Amino acid sequence: MSAPSPGTESFILLLTQHQEALFRYIFSLLANEADARDALQETSLALYRKHGEYDPSRPFLPWACRFAYRQVQKHREKAARSPLLFSEDVIDLLARDRERLEPELDRRIQLLDGCLAKLTPQDKELVTSRYGQRQGAEEMMGRFAMSRRTLFRNLERVRQRLHACVTRQLQSEGLS
Amino acid sequence: MNLESLIHAKLEGEITPEQHEQLEALLRDDWQARRLYLELADQHARLLQQAAVNTGRLKQPSVISRTVRWRTSALLASAAAIVLLAFIVWPRAAVDNEAISNGVAMLSDTLDAEFAENAVRSGDTIAPGILTLNKGLAKIEFFSGATVLIEGATQIEVISAWEARCVSGRVRVHVPPAAKGFLMDAPGMKLEDLGTEFALNVTGKDSAVHVFEGEVIAHTKEKPPASLKEGMTLGQTDAGFLPIGDVHDLVRQRQERRHAEWQKWSQERCEDPRLVAYYTFKHWPDDRWDRLVKSYAIPPQKQRAGGAVGAKWTQGRWPGKDALEFKRPGDRLRLNLDGSYTALTLSAWVKVDSVDKKYNSLLLTDGYDNGEPHWQIYEDGSLMFSIIYRPDGITRGGDWNQIYFSKPVFGPDSLGRWHHIAVSYDNQSGQVIQYFDGAEVSREVSKLHQAGRPISYGPCELGNWGLPTQGHPFPIRNLNGAIDEFAIYAAVLSGAEIQSIFENGNPK
C-alpha cells in the first residue's frame, strides 16, 4: 500500500472542494436526486481516471463540468424512454445558460443561509423535516396533519419564499 | 399550472408527463424561464446536500483539512472515498461577498412592445442574450451609457455594456461621450461609435448605416476601417432609418389615452352600490390644507373622506394622475369607516418601492379588535390578510388570529412598478382570496373560521398602523411606496370583476 502522489492528493482536494457545485450542476440537468448522485459518482470516477489531463492553471469547475455533462448524457441514454427526463436540447440549453449564470447562482447559494435563518418557525420545521431529516411525503403528511396537496403547496411556498428572499438580498446588495 | 409550480413539481418528482411536456416547452422557449428553473433547482440541490438544517442555518462551509490521509491505493476505494469525503467536508466559502449581477443594460421604455421572450418588461435589467422584439418600440439603456432604440420586428443580441449585435431589423443608437467606443455589430460590419447618433437597418445579410450626428468607424472584413461622418450613409436599404423625434410624443399620447380611458371607467365605477368608500387620490389644488382625500363612492358619504398625514402628493400611474406617497415612519392616510359588514373586497393600485419591514401596511384598523381586518405586505413580499375574533371575555393574547398569506408577489421584478392588489373575504364561507395583477394568488379558509361574525373598520388607516394595542412596542409598519387608488366594498367581488379592475386600470 502506498500513499497517492502529491499531484493526486491536490487533485482529490480540488475534486472534494467542487463536489457540491458538481452535484448542483448535475442535479439541475437531471432533476432527480438518486440519478444525480449516481451521475456524480460516475463523474468523480471519470475525473479521477483522467486527472493527469487536468491543467492546474485553468479553472477546475468548467473542466469537471464537461465530464459531468457526459455522464448526464449517458444517464439519459440509459433511460431514454422516460417522459420525465429533459430532452437533449433542453439539457443543452440549461447547461449553456448555467455556464453564463454560474457566478450569480453561486452568490445565491451563499445568500441562502441567511434566508433560511429568517424563515418562520413553522417553515423551518418543514425544511428540516423535508431536507434535514429526509422524511417522505407520507411521513410529513402525518406529522403536519396536511393533505398531500397542501404539503406540496406549503413546500413550494417555503422554497418560493427562500428564492424571493435571496433575490431581494441580491437586489439590495446593489447591482455591480 | 404556472411555470413556478411546474418547476416545483418537477423538483419534487410530482410532475405528470403532460406537465413535464408543458415545462419543457416553456424552458425551450424562454431563457428567463430557464434561469428561474436553474435558480430553484440549485436551491433545492443545496438543501438536499445539507443534512443539518435543524438549527435553521446551513452549516458554514469549513476549510478542508490538509491532514487527510489516504490509506489505500485501490482506485475504486479511493474514488469511493472521494465521494464519501464530499459529504463530510464543505467547499471553501468564497472570500468575495460582494453581490454580483450579470445585468449589462436595462429596458427603460417600451411602447406597445411585444417580445418573443414573454417575460421581458419595461424596467427589467437585461443580461447578455438575445432580445427579440416582435412589434412596437423599446428603448434599451446600456450600463455604459449608450442608448439603443429598437423597432418593429427586430432582434438584437446584448453582448456586454459596451457591445450589442443587431441580427435583424431597425435600430437607432445614441452614444454620449462617456460611452465612446460602444460597438454595434451587424452582418458584415462592426460599428465603433465615437460619441454620436446613428441608425442601422439589417435585412438578411445586408446592413445599412446612416450617421445623424458625430462620427462612426465602420470596420468591415474587406476594407480598412472607414470613418462615417454626419449625414453619411453606408450600404443600401429599402426601409427608412428609424426616427427618434416622435417616440416621446407617442409615449405621452398613449399615457394620456390610458389615463382618459381609466377616468371614464372609474366614473362609472363610483356608482357601484357595493362600495363602502372609493379613494381615487385626486389632489385638490383649492384644498387649502392640502390633506383631503375624498371618497368618490355615490351617494357621497362625506364622513368617509380621508386625511393625509405626512404623506406627500406624487405622480400616480400616469402623468396628471395623483397618488399619495408613503415614505417616513409617520406617513399615513387616516380614515374612519362606519358600519358593520358581512363581506369585504379591498382593491388597490400600489407602487411598492421596497418591502423593508416585517409588516408593511396597506389597510389596518387602529388596534386589532374583533372583526377588524388588517391587510399588509409581509417581509417575504407576500400579501397578508388577517382578521381576529377572540372569544367573549378575552381581550388579548391567545391564538385567535386568522391569517392568510399569498405566495410572495413583491420582489425585484415587481418593486418600483404599479401593481393591482385585491383581497376578498366573506363571513359565511370564511374564504379569503387574494389577487395580484388580476390573478388569484391565494385562496384559503382558516381553521379558526366560524360563520356569521361581523366585519367592522372604525378608525383605521392606509399605509401605516396608527394606534397599536396597548402593551405592544410601537412597531414601524409604514408602507414604502405609493397608492393611487383604493376601493373598499361591502361584498365579495368575483375573480372576473377583479380582472376587469386590473385591465381597466393597468397603466400600460
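Leu93(A) touches Leu27(B), Arg28(B) and Arg34(B), leaving aside residues up to four places away in sequence; two residues are in contact if their C-beta atoms, placed from the backbone, lie within 7 Å. This is a predicted model, in which local features need pLDDT of at least 70, side-chain atom pairs count only at pLDDT 80 or more, and totals for chains, interfaces and linings use all residues. Residues are numbered from 1 along each chain as its sequence is written, while chains are lettered from A and ligands numbered from 1 in the order in which they are written.

Leu93(A) belongs to helix α5 (residues 88-117) of chain A. Helices (H or I, at least four residues) and strands (E, at least two) are DSSP runs, numbered from the N terminus. Leu93(A) and Leu29(A) are separated by 64 residues in sequence, and their C-alpha atoms are 9.8 Å apart in space.

Chain A as a whole comes next. The secondary structure of chain A comprises eight helices and zero strands. Of its 176 residues, 38% count as buried. Among contacts in chain A between residues at least 6 apart in sequence, 64% join residues at least 24 apart. The mean pLDDT of chain A is 85, and 94% of its residues reach 70 or more; pLDDT is the predictor's confidence in each residue, from 0 to 100. Among the elements of chain A, helix α2 (residues 19-30) has the highest mean pLDDT (93) and helix α1 (residues 6-17) the lowest (78).

Ala31(A) is found in the loop between α2 and α3 (33-49) of chain A. Its phi is near 55 degrees, a positive value in a residue other than glycine. Most residues other than glycine have a negative phi, and most peptide bonds are trans. Ala31(A) counts as buried because it has 25 C-beta neighbours inside 10 Å.

Chain B contains six helices and 28 strands, and buried residues make up 37% of its 508 residues. Helix α3 (residues 31-49) of chain B has 19 residues and reaches 26 Å from its first C-alpha to its last, close to the 27 Å expected at 1.5 Å a residue; the expected span is 1.5 Å times one less than the number of residues. Because 14 of the 19 residues of α3(B) are buried, this helix is largely enclosed by the rest of the structure.

The strands of chain B may be followed through their pairing. Two strands pair if DSSP finds at least two bridges between them. Strand β6 (residues 183-186) of chain B runs antiparallel to β7(B), with four bridges joining them. Asp185(B) has Lys190(B) in β7(B) as its bridge partner. The hairpin of β6(B) and β7(B) has two residues between the strands, and in it Gly188(B) takes a positive phi near 85 degrees. Five bridges join β7(B) to strand β10 (residues 215-220) of chain B, again antiparallel, and the partner of Asp193(B) in β10(B) is Val216(B).

In a regular strand the side chains alternate between the two faces of the sheet. Strand β7 (residues 189-193) of chain B has a covered face, formed by Met189(B), Leu191(B) and Asp193(B), and an uncovered one, formed by Lys190(B) and Glu192(B).

Which residues touch the most other members of the largest nonpolar core? Of its 62 residues, these are Leu324(B) and Ile483(B). A nonpolar core is a set of buried Ala, Val, Leu, Ile, Met, Phe, Trp, Tyr and Cys residues joined through C-beta atoms within 7 Å. Among the residues that Leu324(B) touches are Phe281(B), Trp313(B) and Ile483(B). A second, separate core of 53 residues includes Ala21(A), Ala39(A), Cys165(A) and Val166(A).

Phe281(B) lies in the loop between β13 (275-279) and β14 of chain B. Phe281(B) has a positive phi of about 55 degrees although it is not a glycine, and it is buried, with 23 other C-beta atoms within 10 Å. Pro299(B) is in the loop between β14 and β15 (306-309) of chain B. The peptide bond from Ile298(B) to Pro299(B) is cis, with omega near 0 degrees.

Technical notes
Buried ≥ 20, exposed ≤ 12 C-beta atoms within 10 Å, placed from the backbone.
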